Amino acid sequence: LLGSMVIGATIGGLAVGLFGRLPIGERFIKLASQSDLIFILPILVLVIFVHELGHLAGGILRGMSLLLLVVGPFQWTRGVSGIRFGWNLNPGMMGGLAAATPDRQRPLLPQLLGLVLGGPLASLFLAIGSFLLGDRLDGRPAVLLLMTGLFSLAIFLVPALPFRAGGMQTDGWQLIEISRGGDGVVERQLILEIMGASLTGERPRDWNTETIDRLENLVSREPLRNIGARTLALYYHWDRGEQAQVESLAAWLNEHVAEYPAGFRQAIHVDLALLALDSEAGSEAGSPAVIERHVAAAAGGMVEPARRKLL
């Protein structure tokens, strides 16, 4: 995450410097005032919304269905009762997230290609349109449109670079994996499908069995995906009272939890501590020493407050 911030800041600084030397940039500097700074955050939310909405549009045009849309503090999820609005309080998702359910009757990779390409294309079109219209207007409307174009261009350029941040792939990296026929994008899609079902309020025991089977047997080159997949499979079997699978998955997670990034692995330790405390789960690793070790390791990090209070 820190690396992505450094890369983004570097590209942003270079882009602003270059923009200031262009005729349209000189005009922006001449028109802008300090009072326009109050619009930076709303404009940033707008361009992120357009980018994520573009991802969904690209996937939907290929046959996918809306599952999840997160933009800053705003969240839309699709459940059995339709699309519902809610508030996103997870800082890790403030930067935007879009997920869609694929049509299992169609080839998956073309659907994922539309989903991945939709975001950058939407940002590029918004940037071009904002620059063209902003160059024709004067005053504050021109400043706001030029700011929108600059931010949207940045959101087009940075994700287009092929790198990973916090275990997540940029759009550019995903496109490379799709072109190579890699499994990374498919693996990410499987995890997002279950995450989206959870955010709609669907109980783990009701998650798609076929998807859980694939996650439980996932063999990825990415440790984060292996751990995330088996954590979701653990919830599924735990909620269904399937003791043998729970024991096997808990043992695997206990062995590999250190491979998860610091700051996020605390949530897994919370789950392992809760499992050890759950007598109905029948955990053989429920000794006081094991429980205390997981509770201690769960301190700090990004953990849902309500879940931590269960300890």
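Trainee: With which residue does Asp239 form a salt bridge?
Mentor: This is a predicted model, in which local features need pLDDT of at least 70, side-chain atom pairs count only at pLDDT 80 or more, and totals for chains, interfaces and linings use all residues. Residues are numbered from 1 along each chain as its sequence is written, and side-chain values use heavy atoms, with hydrogens and water left out. A salt bridge is a side-chain nitrogen of Lys or Arg within 4 Å of a carboxyl oxygen of Asp or Glu. The closest N and O atoms of this pair are 2.4 Å apart, and the partner of Asp239 is Arg203.

Trainee: How many residues apart are Asp239 and Arg203?
Mentor: Helices (H or I, at least four residues) and strands (E, at least two) are DSSP runs, numbered from the N terminus. Asp239 belongs to helix α9 (residues 223-239), while Arg203 is in the loop between α7 and α8. The pair therefore links distant parts of the chain, with a separation of 36 residues.

Trainee: What is the relative accessibility of Asp239?
Mentor: Buried means under 20% relative accessible area, exposed over 50%, and partly exposed in between (1.4 Å probe, protein chains only). Arg203 is partly exposed at 40%. Asp239 is also given as partly exposed, because its relative accessibility is 22%.

Trainee: How many salt bridges does a search of the whole structure find?
Mentor: One of them joins the side chains of Arg240 and Glu242, at 3.1 Å from N to O. Arg240 is partly exposed at 40%, and Glu242 is partly exposed at 22%. The total for the whole structure is 5.

Trainee: Is Asp271 buried or exposed?
Mentor: Asp271 meets Arg307 in a salt bridge of 2.7 Å, N to O. Asp271 lies in helix α11 (residues 265-277) and Arg307 in helix α13 (residues 305-308), 36 residues apart. Arg307 is partly exposed, with a relative accessible area of 30%. At 3% relative accessibility, Asp271 counts as buried.

Trainee: Which residues is Thr211 in contact with, leaving aside its neighbours within four places in sequence?
Mentor: Thr211 sits in helix α8 and is buried, with a relative accessible area of 0%. Contact means heavy atoms within 4.5 Å. By that rule Thr211 is in contact with Arg104, Leu190, Glu193 and Ile194.

Trainee: How far apart in space are Glu202 and Gly79?
Mentor: Glu202 is in the loop between α7 (184-199) and α8 (209-216), and is partly exposed at 30%. Not counting residues up to four places away in sequence, Glu202 touches Ala197 and Trp207. Glu202 and Gly79 are 123 residues apart in sequence, but from C-alpha to C-alpha they are separated by 7.8 Å.

Trainee: Why is the pair of Phe74 and Trp87 called tilted?
Mentor: The structure holds 6 aromatic pairs. Rings of Phe, Tyr and Trp (its six-membered ring) pair if their centres lie within 6.5 Å; planes under 30 degrees apart count as stacked, over 60 as edge-to-face and the rest as tilted. The centres of Phe74 and Trp87 are 5.6 Å apart, and the pair is tilted because the angle between the planes is 45°.

Trainee: How many residues apart in sequence are the parts that Phe74 and Trp87 tie together?
Mentor: Phe74 is partly exposed at 28%, whereas Trp87 counts as exposed at 58%. Phe74 lies in strand β2 (residues 74-79) and Trp87 in strand β3 (residues 82-87), so the parts tied together are separated in sequence by 13 residues.

Trainee: Over the ring of which residue does the charged end of Arg230 sit?
Mentor: A charge sits over a ring if NZ of Lys or CZ of Arg is within 6 Å of the ring centre and within 35 degrees of the ring normal. The charged end of Arg230 is 4.6 Å from the centre of the ring, which belongs to Trp252.

Trainee: What share of the 311 residues in the chain is buried?
Mentor: The chain has 13 helices and 6 strands. Among contacts with a separation of 6 or more, 62% are between residues 24 or more positions apart. The buried share of the 311 residues is 40%.
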